[in-house]
Amino acid sequence: MSDREQEGSSGVSRREFLKISGIAAASVPLIAGPAVLKVAGEEVAVHGPDKTPITLNVNGKNYSAELEPRVTLLDALRQDFEITGPKRVCDRGACGACTVLLDGKTVYSCSVLAIEAQGKPIVTVEGLMQGEQLHPVQAAFVENDAQQCGFCTPGFVVATKAFLDKHPHPTPEQVHRGLGGNFCRCGTYDGIRKVVSQLGKA
Amino acid sequence: MPEYTWPEAGKRTFIGKRISRVDGPLKSSGRAKYTYDIVRPGMLYGKVLRSPYAHARVVSIDTSAAEKMPGVKAVHVVQGAGKEVFWAGDDVVAVAAVDERTAEDAVRAIKVEYERLPHLVVDAQEPKSGADSRGPLSKTELLALIDTDASDNQVVQQIQNRGISFHPTPELLGQWREQHIKEEVLQALQKAEVKTSSETPDSSWYKVTGKQTQGDAEKGFQEAEVVSEGTYGQPVITHCCLETHGGIAEWTDDQNILAHFSTQNVPGLAEQLGRALGMPAANIHVHQDHVGGGFGSKLGLDRWGVAAAQLSKKAGGKPVKIMLERDSELKVAGCRPSAYARVKIGAKKDGTLVAWESYSWGSGGVGGGGSPPLPYVLNIPNQVKQHTAVVNNIGPARAWRAPNHPQACLITMSALDDLAAKLNINPLDLYRKNIALAKPREKIYLEEFQVADDLMGWSSRWHPRGDKTPGPVKRGLGLSLHTWGGRGHNSQCDLTIFPDGSVEIKMGTQDIGTGTRTAILMVAADTLGIPMEGIKLLIGDNSYPPDGASGGSSTIGGVSSSTFRAAVDARDQLFATVAPALNAQPADLEAVGGSVRVAKDPSRSLSWSAACSKLGPHAVTVRGKNPGEGELTNSGVGGVQMADVSVDVETGVVKINKMVCVQDCGLVVNPKTAESQCLGALIMGVSYALYEEKVMDQATGIMLNPHMDSYRLAGLGDVGELVVHMMTGPGYDERGVIGLGEPPTVSPGAAISNAVANAIGVRVPMLPLTPDRVLEALENAAGGHA
């Protein structure tokens, strides 16, 4: 999806990354919580490898846990906070089943570290509901039978919502590209195209 | 005696209507809980050490370091020293730990020594006949060879060249003499070199089945005026369920297990697990609300499922969850057998089919694989065919939507399409001419041809093979037809009407995404004359009345029939109770629109809840069963598909423009979800036709593309325009409810392959139709000078 290509999802610029990796040769103390090291004349926080306190804002609520810095956003959501809408399918940024909104942008939550996702609002498929009411995208998925086993559906719903926000009246080409980052095995694409065309006409 | 017949079209309130799936809101809001999502109190996470080799013997295992690691709660050897593993990725040791990362670390700390054994993981080449590099002949192989009508000379030669792997004892030779095995062969056996060492295992990679014949193929080919020959096939592909295989097992006490498994077989799993553990099935409680895809690969219990139960026992009964990682899923949990064939077809100049010959082979791992039913759909009068199962180490075969049919369809319909091209006739005309060979479904196919023709514009748009328009992008049309059984399986349910008017149905079935829940509720609501929301449905648990596994497209016929019978019986009991209050006979009543009323005088009516209150203090519960009275389900469907593709002859890229699917499945309960099955089948078909292959490396024996970035599925932009037409109404509805999940997945590969041939003028013999294969076919056609 073009959004993903344009945004540096890690939130770490290339220059910052080089500075951090520049200290890799030096030994990092095995302590919990961030240590502050001076690198290239600047102070840089270093986390892990042990557990460190992490707070995420998911669907408007704060969730806290002690997590190793290597824990992905997806695993933190699913295993630590029991928010299981986002699914673990490919676990390497290829299928889109774990798609969530991070600061309003779609990300593959399997490819974002939980520690990096702090301080930004995270919205999962559960968070699109308005109380007990389905979001219009969710309702359109039901109406157009854009789901079978339903395992890819949460990621597709989030991706479709974000796509329509950005392209309220998309062309078929835009749909193909914009929703090309999610895969379905049952074959629900026709229903999803109908969802987009139904909501995109409004 | 109640009559169990589906209501006529004019009397259906839900059946045949487009109803949104009832679990849709749960799924689209992320609230549907799958096995993968379940977290049990105190749950441990299991990981499995898997064989890195395609064929090896386990020599020794050292788990001591793993056992000492903090957080590791149980270690279980699945296949210990001396065990032979037959595919890369097979389970060797399982570990349970407090979290996944600790379990992964523990797996890495286990040391296993293997003795590597010879492996075979490729199968696209036709097995050579006669003496070759294979090992000595085994008994079964020798008998198979004799069965194949090999001449005695050939058999003797094989014995002399290859040796034998068994001792020809006088008893054995005596037995065989009695079975009329020729004296020359027996003499050769006595003189043969006996090789029984481990380097020459007592099995061959190839199991040849006997030649099957029908009519007189030799005579048929003599009478043929045109003969077309070709080789066609498709490799092993993998199911790639988005929810990987796995489950959670826990000992709730020292006698009982609670199991949450990702499965297509809730009712059958307890018995499978009980057998593996040596405990009564009655002590195993299986539950599953939703399953993230199965497609035939989740019908049986797997080694990791047993391991989860064994780890749980070792960990004092704590729940142990093992879900496969994506690469394991693709390596070991999905393997649709390959099938290839060298085919010869003979026909008259007018297209009348007279003779078929095929030498097919294919693999589904150590068990061989299914044998494709050739020739497919059209029963050509004179036939000779032989199949060789390639016994190899590619992974364990699993059923895939319509086992063996897509393979047989590709081989047959490609061969027929090539014949049509050679005869220079429109393939649709060839099929029409020979449709009597599709008995008993010839009428269905003829009607479907017409619908498909109209939807695709076949007759107006079809051109002879090879698009002559200028430019590199060539367009073509292809067609295919298919069949499947789909009779409803054994099914039972309990339907209860409570005195307050509420209704509950319990059935030990599962909804694998086909809309089973919705169909059950539609049938019950239609029969009881109440809204679907007025019925509570409980499924996905083996404590409910037993249904069957969701395989073979047998679910819809089974669950709709048992539900219908239960609803009719419960309704009739209600009628008997309330008839006096309406001053009528029970047979005069009907349940319509939330009321129970006299059919001929609707003014004499009770609301549903008022009627139910007459039941007194006790609810009415009836058991509905399938099979049972009345012809509610049936078997045998027909379908026709057409593909419209564009092929860039410079890049080899194939693009789907449009697919048409015309499908019969008897009485359609819910057209909305039925069409979704067809749409999904077309999409899955595009995927396996263009992209999917389990790519194996013969040097290392491993799968090279076990992730979703390298195991490519079709995406939303790859599938073109999709048109589905369900055959319904007179001629179809009265056949009863027939399964649908599998048949429409059969034809896409053949239809697309034929469309590509029609576009570029040459056959691309093997699926998937990747750019390299397309370009190779074009080069070969150009004499290798392209």
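**View 1. A run of buried residues in helix H5(A).** In H5(A), the buried residues are Thr153(A), Pro154(A), Gly155(A), Phe156(A), Val157(A), Val158(A), Ala159(A), Thr160(A), Lys161(A), Ala162(A), Phe163(A) and Leu164(A). Buried here means 20 or more other C-beta atoms within 10 Å of the residue's own, exposed means 12 or fewer, partly exposed is in between, and C-beta atoms are placed from the backbone. Helices (H or I, at least four residues) and strands (E, at least two) are DSSP runs, numbered from the N terminus. With twelve of its 14 residues buried, H5(A) is largely enclosed by the rest of the structure.

This is a predicted model, where local features need pLDDT of at least 70 and side-chain atom pairs count only at pLDDT 80 or more, while totals for chains, interfaces and linings use all residues. Residues are numbered from 1 along each chain as its sequence is written, with chains lettered from A and ligands numbered from 1 in the order in which they are written.

**View 2. Where chain B meets chain A.** Here 44 residues of chain B are in contact with 45 residues of chain A, contact being C-beta atoms, placed from the backbone, within 7 Å. On the chain B side, H1 and helix H19 (671–690) each give two or more residues. H19(B) gives the most, with nine residues. That side divides into 20 nonpolar, 15 polar and nine charged residues; Ala, Val, Leu, Ile, Met, Phe, Trp, Tyr, Cys and Pro count as nonpolar, Asp, Glu, Lys and Arg as charged, and the others, Gly among them, as polar.

**View 3. The largest nonpolar core.** A nonpolar core is a set of buried Ala, Val, Leu, Ile, Met, Phe, Trp, Tyr and Cys residues joined through C-beta atoms within 7 Å. The largest one has 278 residues, and those with the most contacts inside it are Ala114(A), Val95(B), Ala96(B), Ala524(B) and Val756(B). H19(B) supplies the largest share, eleven residues. Beyond its neighbours within four places in sequence, Val756(B) is in contact with Gly476(B), Val645(B), Val647(B), Val654(B), Val764(B) and Leu769(B).

Definitions and conventions: Two residues are in contact if their C-beta atoms, placed from the backbone, lie within 7 Å.
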